[in-house]
Amino acid sequence: MKIYNTLTREKSEFKPLQSGKVSMYVCGMTVYDYCHLGHGRVFVAFDVIVRYLQAKGYEVNYIRNITDIDDKIIRRAQEANEDWQQLVQRFTDAMDEDFAALGIGKPNLEPKATEHIDQIIAMVQTLIDKGMAYAADNGDVYYVVEKFAGYGQLSGKVLDELHSGARVEVDEAKQNPLDFVLWKAAKPGEPAWDSPWGKGRPGWHIECSAMSTCCLGNTFDIHGGGPDLKFPHHENEIAQSEAATGEKYANVWMHAGALRINDEKMSKSLGNFFTIRDVLADFPAEVVRYFLLASHYRSPINYSLESLKEAGASLERFYHSLRGLTLPQAPESEFSSRFYAAMDDDFNTPEALAVLFDMVREINRNKAAQPDQASQIAAEMKALGDVLGLLQQDPEAFFQQQTSDVDPQQVENLIAQRNAARKQRDFAKADEIRDQLQAMSVVLEDSREGTKWRVEK
């Protein structure tokens with residue numbers, strides 16, 4: 001299995017620190033607002049990575065943190081006149097709901113910054129003791145960037161270039177414009193914790209260094225996150241972690257691609273984002289998940305309604321092939337070998353989905369003449385789909401997914417009335433009911449087994 005490492009800028013064979021075990025840390029959410037679909041793209045990608053590693057037989061220790069104290073959280077709570085802890089809990093609950101809807105599994109541990117203040121303070125003190133950080137007169141503590149020889153290795157940034165673009169505000173207490181904050185002195189009315197440097201709270205970067213090493217040790221296998229975290233967040237994590245421990249921080253760095261709208265990154269700062277729950281109000285969750293997996297996890301995705309509709313049409317093809325089949329125990333064939341080969345190549349989900357489409361063609365080709373063969377391929381396809389978090393619904397449930405303007409019970413009642421009219425040879429009435437259902441975007445499929453229906457997006 002080969003993984004692209006952002007640090008080395010190449011794909012290489014993955015060799016975990018411990019045979020059969022994988023330790024992985026992914027930077028999670030700062031919970032001050034609803035998650036947008038760009039966040040969904042990142043965490044669906046790492047959910048599939050975890051699923052695949054487990055399918056390969058690895059025992060995965062997956063850590064995904066929550067940043068529950070931050071400037072944005074404090075500012076949003078003040079604007080809403082809400083207790084900051086209540087705001088954090090409200091948006092954490094919303095995140096859990098959105099992630100569950102997209103089929104994103106929970107990590108093994110979900111550490112919070114406020115639960116690791118002691119470890120954060122200890123790491124900051126270690127950096128001060130080693131001469132890698134200093135306490136400023138204003139109560140802040142800063143990291144000395146120029147003392148870390150490898151700074152810029154992840155992002156490709158050069159210190160001289162960073163110097164030329166750096167600015168220092170008049171009231172900043174930094175010794176150097178590149179130094180970044182490890183501990184922030186509290187302002188009046190802000191949440192604060194006691195420290196050797198006075199009351200304050202952790203800087204953003206130090207949180208992840210303390211939580212990851214606390215949960216996984218000084219060195220672990222994989223560190224992941226969104227595309228915007230390479231610099232400065234992950235670069236700063238490497239600098240402070242390796243300076244504090246004297247050991248390599250993470251062996252493999254993985255970054256998901258950005259979700260774009262009109263070729264601009266979807267982000268709250270640009271105001272061009274759709275929340276996950278906004279999108280799920282218009283499209284079934286599995287359709288959204290498929291859309292996010294149809295591109296390689298490192299590639300940017302351009303958001304469009306057309307792409308989501310295409311994802312829905314693709315899933316309809318899969319589920320249509322599964323209709324009416326009784327699935328045996330899933331066998332393994334050359335389809336599985338091809339699927340695993342695709343995923344072994346840096347988790348290539350588009351190629352893996354192409355294998356599943358080949359299976360759909362074989363299922364449909366064999367359905368009438370060799371139904372047992374079709375059922376075996378279908379069982380194998382469903383098992384492979386499970387690795388991606390797809391194709392686990394009952395086909396009829398998929399086609400009958402309730403939307404805001406379609407009531408399944410109403411549809412069933414109308415179908416029963418239509419069947420009664422047909423039995424009485426009142427075909428005019430039957431056609432009238434079919435037209436009524438079509439106006440509701442309900443498509444009927446009559447067969448010897450009865451009438452099936454689906455909502456056409």
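Okay, let's start at helix H11: its buried residues are covered by, among others, strand E1 (2-5), H1, helix H12 (349-366) and helix H13 (371-388). Covering here goes by contact, meaning heavy atoms within 4.5 Å. Helices (H or I, at least four residues) and strands (E, at least two) are DSSP runs, numbered from the N terminus.

Before going on, a word on the model. It's a predicted one, so local features need pLDDT of at least 70 and side-chain atom pairs count only at pLDDT 80 or more, while totals for chains, interfaces and linings use all residues. Residues are numbered from 1 along each chain as its sequence is written, and side-chain values use heavy atoms, with hydrogens and water left out.

Back to H11, which spans residues 334-344. Which of its residues are buried? Phe-335, Ser-336, Phe-339, Ala-342, Met-343 and Asp-344. Buried means under 20% relative accessible area, exposed over 50%, and partly exposed in between (1.4 Å probe, protein chains only). Just after H11, Asp-346 has a positive phi of about 55°.

Next along is Phe-347. Skipping neighbours within four places in sequence, Phe-347 is in contact with Met-1, Ile-3, Ile-49, Tyr-52, Leu-53, Met-254, His-296, Tyr-297 and Ala-342.

That brings us to the cores. A nonpolar core is a set of buried Ala, Val, Leu, Ile, Met, Phe, Trp, Tyr and Cys residues joined through side-chain atoms within 4.5 Å. The largest one has 126 residues, and Phe-347 is among those with the most contacts inside it, together with Leu-37, Tyr-143 and Leu-356. Helix H1 (residues 37-55) gives the most to this core, with 11 residues. There's also a second, separate core of 11 residues, including Val-406, Ile-433, Met-440 and Val-455.

On to the sheets. Two strands pair if DSSP finds at least two bridges between them. Four strands make an open sheet, in the order E4-E3-E9-E10, with parallel pairing. Strand E4 (59-64) and strand E10 (250-255) are at the edges with a single partner strand each, so one side of each has no neighbour in the sheet. On average, neighbouring strands here are turned by 20° against each other, ignoring direction. Strand E9 (residues 220-225) pairs with E10 over five bridges, and Ile-222 sits opposite Val-252 in E10.

Helix H6 (residues 204-216) packs on that sheet, touching strand E3 (21-26), E4 and E9. How does H6 meet H4? The axes of helix H4 (residues 117-129) and H6 come within 9 Å and cross at roughly 105°. Axes are lines fitted to C-alpha atoms, for helices over the stretch in contact, and angles run from 0 to 180 degrees between N-to-C directions. Since 65 to 115 degrees counts as roughly perpendicular (under 35 is roughly parallel, over 145 roughly antiparallel, the rest oblique), H4 and H6 are therefore roughly perpendicular. From H4, the contact uses Gln-119, Ile-120, Met-123, Val-124 and Leu-127, and from H6 it uses Ile-206, Glu-207, Ser-209, Ala-210, Thr-213 and Cys-214.

There's another open sheet, with three strands in the order E12-E11-E13 and mixed pairing. Its edge strands, E12 (264-265) and E13 (301-302), each pair on one side only. Strand E11 (residues 259-261) runs parallel to E13, joined by two bridges, and Leu-259 has Ile-301 as its bridge partner in E13.

Last stop, Gln-400, in the loop between helix H14 (395-399) and helix H15 (408-423). Buried or partly exposed? Gln-400 counts as partly exposed, because its relative accessibility is 21%. Its C-alpha is 6.6 Å from that of Trp-453, 53 residues apart along the chain.
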